[in-house]
Amino acid sequence: MDFLLKAPEIAINGLKQNMASSEYDVIRSRYHLKETIGSGGFAKVKLATHLASGEKVAVKIMDKRALGDDLPRVKTEITAMKELVHQHICTLYEVVETKHKIFMVIEYCPGGELFDYIVAKDRLKESEARKFFRQILSAVAYIHHKGYAHRDLKPENLLLDDDQNLKLIDFGLAARPKGGMEQHLDTCCGSPAYAAPELVSGKQYRGAEADIWSMGVLLYALLCGFLPFDDDHVATLYKKILKGEYEEPRWLSDGSCDLLKQMLQINPKKRISMEELLIHPWVKKGHSGTVHWNSKCEKNNLNTECIAEMAEYYGKTKDDMMTIVTQWHYDEITAVYFLLLNNFVRGCRLKLPPRS
Ligand SMILES: [NH3+]CCCOc1cc(-c2cn[nH]c2)ccc1C(=O)Nc1ccccc1
């Protein structure tokens, strides 16, 4: 099985990784792996502690031998997460690859899945649904701006951080069409209940338009606590999606019904666009302005306070530390930078302990 990221003989973190040693040696040298906090088909996700800083992280562990046809999904996700750095997207901190394993170290979200949050509350009040929907819009407008479509938007892929803010995960099905976001896509993917009519009918579709349909289903789930189109038999579910008829519970406001109607348009050409969504009266209600979707943590705009803290920790000049960080090897250095940055963005000051 070839290496996705590095040839086996290339040193990992300056040390020649003895390929005979445990597959977990490198990850355990920097993280204390704890309980499993999630799993999906080909991966399990463990809670871990970053030994140098004491910060909690999530480690997504995949065995290349078990991945089979899903191996390209992992490369897609790693490539996408390296490029998509945003306050409402789970940050990829580090990638460790060994002969048989791939470890993705990701920002930890202690609040769990939005799915479970909705189930626990039955359904959300309009104001809370709006708060979450604005954050989802912010993340999706950003990834569309960067030329990506997520293609698997659903409450299971939105996690709550410790400030009750949403973070998007699972970019394994993301697409970045070479011809730009206007280019049509062919692959039918994602979760059936959230899939757009043009996607389930096997037609070519535009990623951005399909993502907007999925966000309509997501908004409906936030406001109602159940899905607009649902059935135990996928063929029947597809018929319901293609028909586009759904119940409007009496608790939905006229504004909510109007927005849902514009998002759940079976004809993608009649569906509301991202630009119109960002300024929609329902989205703006009760908030001072439109949705801010630009990233607050772009890689091309390094945080000088984090660099200064790292320079002191590693005994380097700020310039040398800046040069090392901007190589973005997604190794220990990248992880430390993003861990410091995430705390900075949240208004905390993470002080690294003296190095042993
Ligand atoms: N539905 C989410 C289950 C837990 O999965 C994750 C949790 C975190 C996480 C938890 N806390 N912070 C981040 C980060 C990433 C994943 C993830 O990518 N899961 C996955 C996706 C596709 C296939 C298999 C697994």
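How many salt bridges does the count come to in this structure? The count comes to 18. The model is predicted. Keep that in mind at each stop.

**Stop 1: the ligand**

Select the ligand and the residues around it. There are 18 of them, and Lys60, Glu107, Cys109, Glu113 and Glu156 come nearest. Start with Lys60. An N or O atom in its side chain sits 2.9 Å from an oxygen atom of the ligand. Move to Cys109. Here the backbone is involved: one of its N or O atoms is 2.9 Å from a ligand nitrogen. Then show Glu113. A polar atom of its side chain lies 2.8 Å from a nitrogen atom of the ligand. On its own the ligand has 550 Å² of accessible area, and the protein covers 91% of that.

**Stop 2**

Side chains of opposite charge can pair when their charged atoms come close. Select Glu198 and Arg271. They form a salt bridge, with the closest N and O atoms 2.8 Å apart. The pair links distant parts of the chain, 73 residues apart. Glu198 belongs to helix α6 (residues 197-200), while Arg271 is in the loop between α9 (254-263) and α10 (274-278). Are the two partners buried or exposed? Glu198 has 5% relative accessibility, so it counts as buried. Arg271 is buried too, at 6%.

Now colour Asp63, Arg65 and Lys101. Salt bridges with shared partners join these residues into one network.

Next, pick Glu128 and Lys121. Their side chains meet in a salt bridge at 3.0 Å, N to O. Glu128 has a relative accessible area of 18%, which means it is buried. Lys121, at 41%, counts as partly exposed. The cut-off for buried is under 20%.

Finish this stop with Lys154 and Asp152. Their closest N and O atoms are 3.9 Å apart, and they form a salt bridge. Lys154 and Asp152 are both buried.

**Stop 3: helix α5**

Show residues 126-145, helix α5, and select Arg130 in it. Arg130 has 5% relative accessibility and counts as buried. Where does its side chain reach? It reaches the backbone oxygen of Trp282, at 2.5 Å. Beyond its sequence neighbours within four places, Arg130 is in contact with Trp282, Val283, Lys285 and His287.

Step to Ala129, also found in α5. Its relative accessible area is 0%, so Ala129 is buried. With neighbours within four places set aside, Ala129 is in contact with Leu124, Leu222, Leu223 and Trp282. Draw a distance from its C-alpha to that of Leu219: the separation is 7.3 Å, across 90 residues of chain.

**Stop 4: the nonpolar core**

In soluble globular proteins, nonpolar side chains tend to be buried together. Here the largest nonpolar core has 117 residues. Select Phe133, Met215 and Tyr337, the residues with the most contacts inside this core. Then show helix α7 (residues 207-224), which gives the most to the core, with 11 residues.

Centre on Tyr337. Which residues is it in contact with, leaving aside neighbours within four places in sequence? They are Asn301, Leu302, Asn303, Cys306, Ile307, Met310, Val325 and Trp328.

**Stop 5: helix α12**

Select α12, residues 304-314. Its buried residues are Cys306, Ile307, Glu309, Met310, Ala311, Tyr313 and Tyr314. An α-helix has 3.6 residues a turn, so residues three or four places apart point the same way. The buried residues of α12 pack against α13 (318-325) and α14 (332-345).

Inspect both ends. At the start of α12, a side-chain oxygen of Asn303 comes to within 2.9 Å of the backbone nitrogen of Glu305. Just after α12, Gly315 has a positive phi of about 65°.

**Stop 6: two phi angles to check**

Most residues other than glycine have a negative phi. Arg151 has a positive phi of about 75° and is not a glycine. Find Arg151 in the loop between α5 and β7 (158-160). At 14% relative accessibility, Arg151 counts as buried.

Last, select Tyr330, in the loop between α13 and α14. Tyr330 is not a glycine either, yet it has a positive phi of about 50°. With 1% relative accessibility, Tyr330 counts as buried.

Terms used. Residues numbered from 1 in each chain as written. Predicted model: local features only at pLDDT ≥ 70, side-chain atom pairs only at ≥ 80, totals over all residues. Heavy atoms only, no water. Core = buried A, V, L, I, M, F, W, Y, C linked by side-chain atoms within 4.5 Å. Buried < 20%, exposed > 50% of the residue type's maximum accessible area, 1.4 Å probe, protein only. Helix = DSSP H or I, 4+ residues; strand = E, 2+ residues; numbered from the N terminus. Contact = heavy atoms within 4.5 Å. Salt bridge = Lys/Arg side-chain N within 4 Å of Asp/Glu carboxyl O. Polar contact = N/O pair within 3.5 Å; in protein donor to acceptor, adjacent residues only side chain to side chain. Near = heavy atom within 4 Å. Areas by Shrake-Rupley, 256 points an atom, 1.4 Å probe, with all protein chains shown as cover.
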